[in-house]
Amino acid sequence: MKITNIRARVYEWKGKTVAPQPHFCSNAMDQLYDRGDSMGTFRFHGWTVVEIETDTGLVGIGNVALAPRIAKQIIDLYLAPLVIGQDPFDYEYLWQRMYRSTHTWGRKGIGMAAISAVDIAIWDLMGKAVNKPVFKLLGGRTKEKIPCYASKLYHTDLAEMQREAQGYMDQGFKAVKMRFGYGPKDGPEGVRKNLDSVAAVREVIGTDTDLMLECYMGWNLEYAKRILPKLEKFEPRWLEEPVIADDIDGYAELNQLTSIPISGGEHEFTLYGFKQLLDKKAVSVIQYDTNRVGGITAAHKINALAEAYSVPVIPHAGQMHNYHLTMSTLASPMSEFFPVHDVEIGNELFYYIFAGDPAPENGFIDLDDNKPGLGLALETRYLNDFNIIE
Ligand SMILES: [Mg+2]
């Protein structure tokens, strides 16, 4: 089998969106004084879809969610020439070829995210070629089904947050993640409001449900050190991305500070990035996203590394590229699940672009043993809501 063509297209949402309200989630821009753009960096309303065509007629599908127009350029100009004419089963060689030839500028960030998309499409192709789901090529089924946690609960009116949390309980979820609305510049009042929101959600979900807390890099080390001890009583399963991704020593310090496990990694890249996080004991939960970290080839290696360090891997985002890895390793106890809803942040765009993601039942999702590849197809129902750039 030979790769004959790579087609990268950008899907930009032009349909209806829900405007996020102030303080709906802390984020890295919060440290700056307000010029009215804080929420803008928190929206991802475009996606790059990669299709790899072969001389057999099989087509592999991959995707990358970051900076989609740039990702397309990187794939078209730099990556496609490296893989066209090659055998997709030489995936390690192809990964190294893409990684090493873009090494001067591509190691982290959008260069690696673009490589991820091509790599994911290669794995989809391999599965389709042997008529097996991708997870069967990675280690197979290690769990009967995958427990998943409902991940939304953006900060809003507390009664509304409680209603949303109750909804997840009614659907059978045994774990939920909520977002903080306030950070350092909101002072003691913001600290109180953060604590009140956690108390409100805990009140609804009780003590037998896991509660995850998300900062999305909206705090700094000093603020996190002050608030973490106050959060211990709520017994969170983890506290996610308290500081920016580059402050690895900050993660390490916070991870030793209290009983609350610190998680992160959705803005880290490749085996080397995660070795660094693990060596420094910076995170107690690894949260790479396969469509950023270096694709399935890189994520599979990180799973093995995490197993040796006894650190669980719970990838950022649900979505097929992550589910197959979670299914196939004991290092991954569960998956994140973004509830399907109107377009707001952009995470949910996945469901408007792709068809085939499994829906959770009673807090679990399952993968089909007989669906080859990733099991995804391009969704056609919402094409009129996208501006598609060829
Ligand atoms: Mg996160």
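Reply: In this predicted model, the meeting of the two domains involves 45 residues of domain 1, which are in contact with 39 residues of domain 2. The domain assignment of the protein chain places domain 1 at 3-131 and domain 2 at 137-373, and the C-alpha centres of domain 1 and domain 2 are 21 Å apart.

Turning to the side of domain 1 that touches domain 2, at least two residues each are supplied by the strands β1 (3-13), β2 (46-54) and β3 (59-64) and by the helices α2 (91-101) and α4 (110-130). Of these contributions to the side of domain 1 that touches domain 2, the largest share is that of α4, with 12 residues. Sorted by class, the side of domain 1 that touches domain 2 consists of 23 nonpolar, 13 polar and nine charged residues.

Two of the helices named there, α2 and α4, also pack against one another in a way that can be described residue by residue: their axes come within 11 Å and cross at roughly 170°. Because angles over 145 degrees count as roughly antiparallel, α2 is roughly antiparallel to α4. On the α2 side, the contact is made by Y91, L94, W95, M98 and Y99, while α4 brings I115, V118, D119, I122, W123 and M126. By class, this contact of α2 with α4 has 10 nonpolar residues, one charged residue and no polar residues.

Note on methods:
Residues are numbered from 1 along each chain as its sequence is written. This is a predicted model: local features need pLDDT of at least 70, side-chain atom pairs count only at pLDDT 80 or more; totals for chains, interfaces and linings use all residues. Domain bounds come from an automatic or database domain assignment. Two residues are in contact if their C-beta atoms, placed from the backbone, lie within 7 Å. Helices (H or I, at least four residues) and strands (E, at least two) are DSSP runs, numbered from the N terminus. Ala, Val, Leu, Ile, Met, Phe, Trp, Tyr, Cys and Pro count as nonpolar, Asp, Glu, Lys and Arg as charged, and the others, Gly among them, as polar. Axes are lines fitted to C-alpha atoms, for helices over the stretch in contact, and angles run from 0 to 180 degrees between N-to-C directions. Angles under 35 degrees count as roughly parallel, over 145 as roughly antiparallel, 65 to 115 as roughly perpendicular and the rest as oblique.
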